[in-house]
Amino acid sequence: MRKLAFQYPNLISSYLLVVCLPIFSLFAQSIRPEPVFGFYQGGYYLTYLQGETNYTGGSLIQTEKNYQNGLQAQANLGVTPVKMIGTFPFPNGIPLTKDKVQAGDTLKVSMEYGLTDHIGFFISYSVVSIKSQGSNQIALADPKNPNGYTTYIEAVPIGHKIYRDRNYGMGLNYHFLSRNRFDPFVGLELSVLNFESKYRNGQQNNLFYPTDTHPGTGIGGRVTFGTNYFITPEFGLSIEVYGSRKILKSNAFSSESINLAGFQFGFIFNLEAMGKN
């Protein structure tokens, strides 16, 4: 009887171990670290953005506008005849359509690494494409003319891609909040680029509507204000507004500039958080 009394507590302990150990094991497995949202040191972030320019300026755009104004003056003074589709006379007194530089399309892909909880280093690839629509001066073959051609102004507006570039940049972002769903930031970027541009300044060698583009290279600077919102630790939405200035050089001109401002919207992926799953 005494022997059974000594064994009874041991039996209870063994029973509790058998029953409780699996429960504790399952509970321990279910405990996971709290998910981390937002920007932090050591994170890798891939961002994909698209948008458009809301402002386009600079000497390159001003040169095109000056060319269009020159055509308007020639038409108003009767210096150069105006035709429709190269055939029909255009009534006098009716103003030509003014040149319009349309909103450009933009795309940007960047990869950012968190150097600290607030500072990130990134590399990027971006594209800008800008179209213009307006009047054009066109030359027709004319054996009666000593120059061999006769010029006229086409009254029907013709649209064309005035500028397109590809930028390869790097820079720094400062993130105001760390480990937060809301991730406002400001960024500074420097880039090198190559581009194609239609360039007309009224000189004889590029007076008429060009059928080709002039390639070139340049450098650029860009300032960005934006915010990310992380829906999950791995994925979020991103929006930014930016302003940039680019200095250009090509075989058609030694130095021109183009200034851009606009907004972009897209997605952000935390590759470091995705790698933990």
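This is a predicted model: local features need pLDDT of at least 70, side-chain atom pairs count only at pLDDT 80 or more; totals for chains, interfaces and linings use all residues.
Residues are numbered from 1 along each chain as its sequence is written, and side-chain values use heavy atoms, with hydrogens and water left out.

Let me start with the overall picture. The protein has 3 helices and 11 strands, taken as DSSP runs numbered from the N terminus, with H or I over at least four residues for helices and E over at least two for strands. Of its 277 residues, 38% count as buried, where buried means under 20% relative accessible area, exposed means over 50%, and partly exposed lies in between, with a 1.4 Å probe and protein chains only. If we take contacts, meaning heavy atoms within 4.5 Å, between residues at least 6 apart in sequence, 72% of them join residues at least 24 apart.

Turning to the interior, a nonpolar core is here a set of buried Ala, Val, Leu, Ile, Met, Phe, Trp, Tyr and Cys residues joined through side-chain atoms within 4.5 Å. The largest one has 13 residues, of which L60, I130, Y163, F195, L248, F253 and I258 touch the most other members. Helix α2 (59-77) and strands β6 (119-141), β7 (149-175), β8 (182-197) and β11 (256-270) each supply at least two residues of this core. Apart from it lies another core, of 8 residues, among them Y67, A75, L96 and A155.

Now to the aromatic rings, where the structure holds 12 pairs; rings of Phe, Tyr and Trp (its six-membered ring) pair if their centres lie within 6.5 Å, with planes under 30 degrees apart counted as stacked, over 60 as edge-to-face and the rest as tilted. The rings of Y44 and Y113 have centres 4.8 Å apart and planes at 45°, so this pair is tilted, and it links strand β1 (residues 44-57) to strand β5 (residues 105-114), with the two tyrosines 69 residues apart. Y44 is partly exposed, at 42% relative accessible area, and Y113 is partly exposed as well, at 31%. Ring pairs also link F39, Y40, Y45 and F230 into a cluster.

Finally, the charged end of R181 sits over the ring of F37, 3.9 Å from its centre, the criterion being NZ of Lys or CZ of Arg within 6 Å of the ring centre and within 35 degrees of the ring normal.
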